Amino acid sequence: MIYKVRNTSDGGFIFCGHTMGLSGQDDAWWFKTNSTGDTLWTKTYGGIGNDYGYSVHQSPDSGYVVSAEFSLDGQLVVTASADCTAQVWDAITGERIGKPLKHADRVIRAVFSVDGGRVVTASADRTAQVWNVVSGKRIGKPLEHRDVVI
């Protein structure tokens, strides 16, 4: 099932949704086509339970982002990506701030703390992690779960 389709900078399209995985559970599904609809690549991701791809956006570096959130003051954006990272950006200039916040599997969600000084990321690697926005360093140990953190 397709939940979202977007135009891409190369004239093609990026789709997201879910498909039946080998385990019999739904897996999140993203695929890219050219302008005539030919499939260029497809990615599926799934854990123990059902997983869904509800959103996708093309990033300035032509990668793809599955979640994005503004800081409360609107000055920063944090993006979560299927490339196993989250990234903080300057919302005015579009410049990256710090290093990518790395997980072992795709990052499903990333949000700022109320004070804007920290970001929490949720990942298919079964962890949530808290990061310092300025240094990009993880605060404390990963918060481990039994399944994908959403």
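Reader: In which segment does M1 lie?
Author: In this predicted model, local features need pLDDT of at least 70, side-chain atom pairs count only at pLDDT 80 or more, and totals for chains, interfaces and linings use all residues. Residues are numbered from 1 along each chain as its sequence is written, and side-chain values use heavy atoms, leaving out hydrogens and water. Strands are DSSP runs (E, at least two residues) numbered from the N terminus. The strand β1 covers 2-7, and M1 lies in the segment before β1.

Reader: Is M1 buried or exposed?
Author: Its relative accessible area is 59%. Buried means under 20%, exposed over 50% and partly exposed in between (1.4 Å probe, protein chains only), so M1 is exposed.

Reader: Which strands stand at the edges of the open sheet?
Author: The open sheet has 4 strands in the order β1-β2-β3-β4, with antiparallel pairing. Strands pair if DSSP finds at least two bridges between them. Two strands have a single partner each, so one side of each is left without a neighbour in the sheet: β1 and β4 (39-45).

Reader: In which loop does C84 lie?
Author: C84 is not a glycine, yet its phi is positive, near 75°. Most residues other than glycine have a negative phi. C84 lies in the loop between β7 (76-81) and β8 (85-90).

Reader: What is the relative accessibility of R126?
Author: R126 is in the loop between β11 (118-123) and β12 (127-132). R126 also has a positive phi, about 75°, although it is not a glycine. R126 counts as partly exposed because its relative accessibility is 32%.
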